[in-house]
Amino acid sequence: KGVKEMRAKITGNIMAATDFEISAIGILPEISVLQNVRVSYAKSAEGSKTDVIESVRYDCVCPETFATFTVKVVSVKKPLVTSEFLEESESPVYVTFPLSETKIKPYALEYGKVRVSIVAPSISFAEV
């Protein structure tokens, strides 16, 4: 009684990638330039696309290092901006994510490099 069921997180020096998660603080810039917006729609039970937005992916660039990355924002009703808005904008669109709540998780390790997914709870415009 009162004993929690514990699962081994490490066996034979092997761990699941899903057990790793780090904060985006110090990794992603506080302000990014938005390059592209991609919407992912939920699927119905039959597998066909619905009108319900499942997540929005924002392709970004660090304005200081020009490093590129994609952040997925889930549980949104609509994207912050549209691709058309970005194409028509005459100046860069600056955005920010709540870095303390933005999580980075690995999903593939190849040749000493790790592919990661970046998930943020929200996105907002940033002033520069």
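Strands here are DSSP runs of E with at least two residues, while helices are runs of H or I with at least four, and both are numbered from the N terminus. Strand S2 covers residues 32-43, and Tyr-41 sits in it. The model is a predicted one, so to speak of local features takes a pLDDT of at least 70, side-chain atom pairs count only at pLDDT 80 or more, and totals for chains, interfaces and linings use all residues. Residues are numbered from 1 along each chain as its sequence is written, and side-chain values use heavy atoms, with hydrogens and water left out.

Now for the overall layout. The protein has eight strands and one helix, and from the N terminus on they run β-β-β-β-α-β-β-β-β. The C-alpha trace spans about 60 × 45 × 35 Å along its principal axes. Its radius of gyration (taken over C-alpha atoms) is 18 Å, whereas a compact globule of 128 residues would come out near 14 Å; that globule rule is 2.2 Å times the number of residues to the power 0.38. Of the 128 residues, 26% are buried, meaning under 20% relative accessible area with a 1.4 Å probe and protein chains only; exposed means over 50%, and partly exposed is in between.

Back to Tyr-41. With a relative accessible area of 33%, Tyr-41 counts as partly exposed. Leaving aside residues up to four places away in sequence, Tyr-41 touches Lys-49, Thr-50, Asp-51, Val-52, Ile-53 and Glu-54, where contact means heavy atoms within 4.5 Å. Ser-89 lies 48 residues from Tyr-41 in sequence and 25 Å from it in space, C-alpha to C-alpha.
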